[in-house]
Amino acid sequence: MRAILLAAGKGERLRDITKSIPKPMLKIKGKPILEHNIEWLKSHGITKIYINLHHLPDVITDYFEDGEKFGVSIKYSYEPQLLGTASKTLTVPTTFISAVSTGSA
């Protein structure tokens, strides 16, 4: 199985906190929110993950790299301009989606 995690937002409502760290990297119980999401996906058999990025993308890619140390495979897509809530799902590479629709996820 595969999943798309939307992590491109700027976290405008948390601006004081998210100036230097992307919202998905804020910690809960000592781990970034995004790590909790990845662990949850993995616990449900989802090991191929696609993450879209915009605000401070290197913080996320430097932490998760290719996902191997978390037992998953992670691919990233950088949005140079924010497209709006969940609009990244419209531009996910067809190779990622077609593997799901053909059952080779």
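Ile21 is partly exposed, with a relative accessible area of 26%, where partly exposed lies between buried (under 20% relative accessible area) and exposed (over 50%), taken with a 1.4 Å probe and protein chains only. This residue sits in the loop between helix H1 (15-18) and strand E2; helices (H or I, at least four residues) and strands (E, at least two) are DSSP runs, numbered from the N terminus. Not counting residues up to four places away in sequence, Ile21 touches Leu26, His55 and Leu56, a contact being heavy atoms within 4.5 Å. The C-alpha atoms of Ile21 and Pro57 are separated by 9.4 Å, although these residues are 36 residues apart along the chain.

The model is predicted, so that local features need pLDDT of at least 70 and side-chain atom pairs count only at pLDDT 80 or more, while totals for chains, interfaces and linings use all residues. Residues are numbered from 1 along each chain as its sequence is written, and side-chain values use heavy atoms, with hydrogens and water left out.

**The chain as a whole**

The chain has 4 helices and 5 strands, which from the N terminus on follow the order β-α-β-β-α-β-α-β-α. Of the 105 residues in the chain, 35% are buried. Among the contacts with a separation of 6 or more, 72% come from residues 24 or more positions apart. The chain exposes about 6500 Å², and carbon and sulfur atoms supply 56% of this area, as computed by the Shrake-Rupley method with a 1.4 Å probe.

Which residues of helix H2 (residues 33-43) are buried? They are Leu34, Glu35, Ile38 and Leu41, and they lie on the same side of H2 because they cover an arc of only 125 degrees around the axis, the arc being that of the directions from the helix axis to the C-beta atoms. The face turned away from this buried side carries the exposed residues Trp40 and Ser43. The buried residues of H2 pack against strand E1 (2-7), strand E3 (31-32), strand E4 (48-53), helix H3 (57-64) and strand E5 (73-78).

The largest nonpolar core has 16 residues, of which Ile38, Ile49, Ile51 and Phe64 touch the most other members; such a core is a set of buried Ala, Val, Leu, Ile, Met, Phe, Trp, Tyr and Cys residues joined through side-chain atoms within 4.5 Å. Elements E1, H2, E4 and H3 give two or more residues to this core. Leaving aside its neighbours within four places in sequence, Ile51 is in contact with Leu5, Ala7, Leu34, Ile38, Ile74, Lys75, Tyr76 and Ser77.

Ser77 belongs to strand E5 and is buried, with a relative accessible area of 12%. Its side chain is joined to that of Tyr50 by a polar contact of 3.3 Å, meaning a pair of N or O atoms within 3.5 Å in which, within protein, one must be able to donate a hydrogen and the other to accept it, and residues adjacent in sequence count only if both atoms are side-chain atoms.

Most residues other than glycine have a negative phi.
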